[in-house]
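Take a look at the chain below.

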Amino acid sequence: MPLQGVCWFLCCRQGFSLLGRDYGEKEEEESFELRNKEDLTPNGRSPAEVTVSQPTRTANGTNGHTVPEGSEEMKSLIIEKNKMGLEEESELLVKGWLLREVRGNWIKQRRYWFVLSQDSLDYYSGPEKGARRLGTLVLTNLCSVIWPDKQTYKETGHWSITVYGRKHCYRLYTKHFNEAVHWACAVQKIIDTKAPVETPTQLLIRDIEENKFNPEVVEHIYQHNPVLKYTQGPLYAPLLPFPYGSLEHTYHSGKGYGSVREEAVKLFNCLQQLESAREPVSIIQGVLQTCLDLRPLRDEVYCQLVKQTSYTPAPYTAAHLRYWQLLTCMSCTFLPGPIVLKYLRFHLKRIQSQSPESEMDNYASFISEALEKTKCRECVPSWEEIQMLMSRQEMLCTVHYPGPGSCQLYISSHTTANEVVRRMQEKLSLQESKNTFALYEQNALWEQPIAGGTLIADILTSLSSKESESKSQWKLVFKLYCLLDADSISVDSIEYLLLFEQCHEMVVRGQLPACEEDLQALASLRLQCLMGDFSTHAPCPPLDELFPGHMLEARVLMSLSAPQALPACQVAAQGCPATQRFLQGTLWSHTATAAHKQKVELDMRLRSRLKEEAAAVMGSILERWKGLVGYSRRDSMAAYLTIARQWSGFGCTLYEVDFYISSTGSFSQKLWLGVAATSVSLYRQGEADALESFPYGQICSYGVSDSNTFKITAGDRDLMFETTKLTEIMQLMNAYFSAIRRQRGKGEDADITMVSRPTPTLLELPSHPV
């Protein structure tokens with residue numbers, strides 16, 4: 001048995017091609033980690049001379065499995081080119097004079113002879129044979145080219161191209177646009193032909209995947225490749241390959257990011273700061289924000305975290321667990337790519353087998369479950385969510401519903417709006433309702449339905465940022481969405497209360513067309529429902545919570561817009577040219593003051609009249625309230641809804657459309673588009689009767705025709721609406737069609753005749769056949 005072990009060891013040392021890759025011999029520069037003199041082996045060689053301890057800093061990248069700084073072949077090629085004169089160059093693709101930007105004490109441009117070959121972009125002192133070679137940029141598939149742009153031409157009078165390499169960045173200029181494009185195309189073509197560069201980490205991940213069922217081999221890989229293990233030193237280059245170049249030409253340039261490679265190294269430094277940070281949440285949030293903005297860095301951060309949670313000197317300390325906490329937040333925010341995901345899952349299982357019943361085991365189990373559910377987030381987790389994830393707990397979410405009620409639910413980072421709606425229906429005993437419900441984000445002036453697949457954690461983060469920006473209170477509200485059957489709602493149910501409250505919201509917003517007498521009657525019934533019988537001591541809510549305020553404003557503005565009589569002197573002056581010239585010359589300086597004074601007076605008159613009108617309307621409402629003595633809350637709600645149902649469009653959702661055109665030539669402005677359970681109707685704002693109504697059975701298709709135009713085809717007519725509510729209209733119509741289809745599937749009477757075409761699914765843009 002000992003003899004077998006010795007033989008296996010000798011085989012591994014001499015001929016194990018998978019494990020014995022000599023990744024780091026003869027490094028041209030220092031490795032990615034800072035090394036101390038104590039790291040030298042007894043024979044005087046550093047560990048990097050046997051197996052690499054970090055990815056080597058390549059000149060411009062490498063090809064295939066040749067991973068050191070630069071292969072001997074590449075080095076010899078460059079050395080030979082230094083020795084060779086220009087007359088010996090072969091396989092030259094493009095050559096010519098270009099200006100190169102040189103940075104010294106000041107930026108200046110110098111003229112050089114540039115030569116593009118299959119391996120590099122070189123420049124010489126001149127085109128003559130034997131000219132001295134002044135510089136080389138080795139081309140690999142990680143190099144990048146920025147094409148000429150008009151802005152640089154306007155600023156400098158030259159067309160520019162920029163070539164990014166491992167060590168160098170060439171900013172080249174020419175006066176001719178075609179010449180600049182020709183060089184850019186040629187360089188890019190060479191870059192595209194290069195084989196993909198692989199880093200030591202990538203090669204080792206592949207080795208681990210191929211040998212994951214052989215623990216001894218995997219252990220050997222880890223032991224002989226410190227690049228896979230925890231380090232206290234910094235990284236000098238990423239673990240994964242990234243293109244060279246800056247982000248100046250991307251939309252992220254305004255956020256202060258450097259190149260992706262630079263950001264990858266900075267992120268590793270942030271990870272290491274977690275160990276000593278007193279408050280880690282801000283660092284974690286910063287790392288997540290960078291990964292949200294720069295998508296390629298997500299796999300890099302996962303690899304860095306796997307590295308820092310492998311073979312840690314003190315794995316059970318609070319400092320080390322910070323890496324696991326960040327890994328937990330990452331797993332609930334972004335998914336890595338397929339290769340890194342396999343590597344991560346292998347790492348989690350390995351940790352669980354090595355440290356059972358430990359905190360690391362608990363985190364690994366939590367992360368494994370999260371990876372099965374995670375979708376890419378739209379927002380970085382909030383401060384509260386990160387704190388909950390660090391302790392592997394759920395968040396408490398408050399969901400309001402119309403009226404003063406609310407419910408508190410525990411949610412995770414993966415809870416969707418549909419799940420919350422289902423749980424709210426269970427809490428409020430609404431499972432058997434024929435109507436459908438949805439969540440809304442809402443403040444005092446605005447509300448919007450939330451799509452069913454949206455993550456609630458993203459919504460809460462969004463609401464928090466909106467509150468800080470607008471200084472108004474935002475909340476999550478559970479409401480009726482599709483009113484399919486109002487008659488079957490029991491008067492004693494919570495659903496009846498939801499219907500009453502949502503109907504009152506429409507009244508206050510001015511979306512229930514009714515005469516002023518009916519609106520005052522509704523306001524008095526609202527008071528009776530809220531306050532009970534009239535009392536002089538009862539605190540009365542403000543008028544804008546009972547009555548549509550726009551009606552008062554419209555009435556007052558109309559009365560103030562009547563033409564005012566001018567004084568006799570002004571009337572006389574209007575007919576006298578000499579007087580007009582005199583007034584223009586002598587009173588010009590007083591015009592602005594007079595206009596401002598007139599505006600102030602008008603505002604004061606408007607406020608005064610509004611107060612008078614509001615007092616008169618409130619007095620009428622109170623008189624009506626006095627006549628409702630004895631009405632119970634249930635009676636008041638029933639009477640309220642009876643008046644509201646007199647409108648033929650009761651139960652529909654109204655959307656403002658800027659204009660409407662049909663194929664028959666009719667045209668109108670500022671209408672309401674009402675989407676109801678059985679039809680789509682058009683109303684003039686404030687009028688009760690519909691201009692046109694289209695039952696769903698007549699609608700052939702509907703959808704978005706451009707960025708702000710909604711199109712409905714009904715029979716042989718095409719109707720076009722310009723609106724900002726495209727998505728909401730689409731969602732609601734889809735929801736009604738889906739509900740109708742479910743009812744027909746259950747054998748229930750849907751009260752409409754549908755053409756025999758498939759019902760569209762939610763948000764199936766741009767057009768929906770019905």
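## Cysteines, strands and a loop

Cysteine 291 is buried, because its relative accessibility is 0%, and buried means under 20%. Keep in mind that this is a predicted model.

Cysteine 329 is also a buried residue, at 0% relative accessibility. How many disulfides does the count give? The count is 0 disulfides. Cysteine 329 is in no disulfide. Its nearest cysteine sulfur belongs to cysteine 332, 7.2 Å away. A disulfide needs the two sulfur atoms within 2.5 Å.

Now turn to strand β7, residues 169–174. This strand is mostly covered, with 5 of its 6 residues buried. Two strands pair with β7, as the table shows.

| Partner of β7 | Residues | Bridges | Sense |
|---|---|---|---|
| β1 | residues 94–103 | 2 bridges | antiparallel |
| β6 | residues 159–164 | 6 bridges | antiparallel |

Which residue of β7 is the bridge partner of leucine 99? That partner is tyrosine 173. Cysteine 169 in β7 stands opposite tyrosine 164. A hairpin of 4 residues links β6 to β7. In a regular strand, side chains alternate between the two faces of the sheet.

The last stop is glutamine 646. It sits in the loop between α22 (633–644) and β13 (653–662). Is glutamine 646 buried or exposed? Glutamine 646 is exposed, because its relative accessible area is 58%, and exposed means over 50%. Its C-alpha atom lies 9.5 Å from that of alanine 688. Along the chain, glutamine 646 and alanine 688 are 42 residues apart.

Key:
Residues are numbered from 1 along each chain as its sequence is written. This is a predicted model: local features need pLDDT of at least 70, side-chain atom pairs count only at pLDDT 80 or more; totals for chains, interfaces and linings use all residues. Side-chain values use heavy atoms; hydrogens and water are left out. Buried means under 20% relative accessible area, exposed over 50%, partly exposed in between (1.4 Å probe, protein chains only). Two strands pair if DSSP finds at least two bridges between them.
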